Amino acid sequence: MKLVFTDLDGTLLDHDSYSFEAARPALDLLAARGIPVILASSKTEAEMRPIAEAIGISHPMIVENGAGVAGLESGDAAATEEETASPYKRLRALLRELPKELSAKFEGFGDWDVARVAQETGLPPASAERARKRRFSEPGRFAGTEDEKRAFIDLLEAEGFTAVQGGRFFTLMPQTSKAERMAQVVAHYQRGLVEPVRTVALGDAPNDLAMLEAADCGIIIANPAHKALPVTEREREGAILRSERSGPEGWNIMIHQLVATGFL
Ligand SMILES: O=C(O)[C@@H](COP(=O)(O)O)O[C@H]1O[C@H](CO)[C@@H](O)[C@H](O)[C@H]1O
């Protein structure tokens, strides 16, 4: 059994147009080979459902940067609306309680109306509205210095939260990651199998790094819109590869390459 985990913005979706069409041949190839594609994004479940539908998949999905997973019959999927809504509410309340000199430097989707989220992201208004339907995490911008940002993260961590950089935004969230949810999804597919499930993960930003390192094969998709990810030990060992092309074009080429070499 093989699984492909993929980030969305800047990876399967074009950084600017949010289109996955250039990856359609590789998506079709994986579908024909019975290899599930597991979406793993900082997007909300409300945003990811229509994307999964457009791709034509109904596998579990890692939502809001790993703070939640949709489509697994146990665990968080069974959490009540009250439980799933509370981390976001707690985060917004925490922002009001933190020292003003730091919290005032952060602006998130909860501070912006739909039109502003559409303007900041380049998403159409209907998608921007779905991006504001948050249950766990708050993406936004931190306008302070690196030292102030570190102090802000330390305060969040003391309260059980953390923050991570995506392709565009700096996201406040519970202390978990896409990689932790990936392990949960792998365990789900592993049940009843003898051979270990083989994993590929694709991503472009710091919030993808742990997932890329946890995979049997990690693929860094080039994204000229931000600084390249650092070279890690896993990459030196040959377990992480880099695409030359960006977004869905790079995704398409790299998946075809892994199929050609027999990895997928
Ligand atoms: O954190 C980010 O930089 C982006 C992209 O996250 P991923 O690369 O899909 O994990 O996610 C935020 O912005 C998106 C629009 O650009 C929204 O669709 C997401 O809801 C938001 O979390």
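Modeller: A residue counts as near a molecule if its C-beta atom, placed from the backbone, lies within 6 Å of it. This is a predicted model: local features need pLDDT of at least 70, side-chain atom pairs count only at pLDDT 80 or more, and totals for chains, interfaces and linings use all residues. Residues are numbered from 1 along each chain as its sequence is written.

Biologist: Which residues come nearest the ligand?

Modeller: Asp9, Ser41, Ser42, Gly166 and Arg168, out of 20 residues around the ligand.

Biologist: How do you know where the ligand lies relative to domain 1 and domain 2?

Modeller: Domain 1 (2–77 + 177–260) and domain 2 (78–174) both give residues to the shell, so the ligand lies between them. The bounds come from an automatic or database domain assignment. The domain centres, taken over C-alpha atoms, are 23 Å apart. In contact (C-beta atoms within 7 Å) are 25 residues of domain 1 and 23 residues of domain 2.

Biologist: Why is leucine 98 called partly exposed?

Modeller: Count the other C-beta atoms within 10 Å: 20 or more means buried, 12 or fewer exposed, in between partly exposed. Leucine 98 has 16, so it is partly exposed. Leucine 98 sits in the loop between α3 (81–97) and α4 (100–103). Leaving out residues up to four places away in sequence, leucine 98 touches Ser103 and Leu155. Its C-alpha atom is 8.7 Å from that of phenylalanine 152, 54 residues apart along the chain.

Biologist: What makes the buried residues of α2 line one face?

Modeller: Helix α2 spans residues 45–55, and its buried residues are Glu45, Glu47, Met48 and Ile51. Seen down the axis, they fall within an arc of 145°, so they line one face. The arc is taken over directions from the helix axis to the C-beta atoms. Pro50, Glu53 and Ala54, on the other side, are exposed. The cover over the buried residues includes β2 (37–39), β3 (61–63), β4 (68–70) and α6 (125–131). Just after α2, glycine 56 takes a positive phi of about 95°.

Biologist: What makes these segments helices and strands?

Modeller: They are DSSP runs, numbered from the N terminus: H or I of at least four residues for helices, E of at least two for strands.

Biologist: How do you know that β7 and β8 pair?

Modeller: Pairing takes at least two DSSP bridges. Strands β7 (residues 161–165) and β8 (residues 170–174) have five, so they pair. They run antiparallel. Four residues separate them in a hairpin. Alanine 163 stands opposite leucine 172 in β8.

Definitions and conventions: Contact = placed C-beta atoms within 7 Å.
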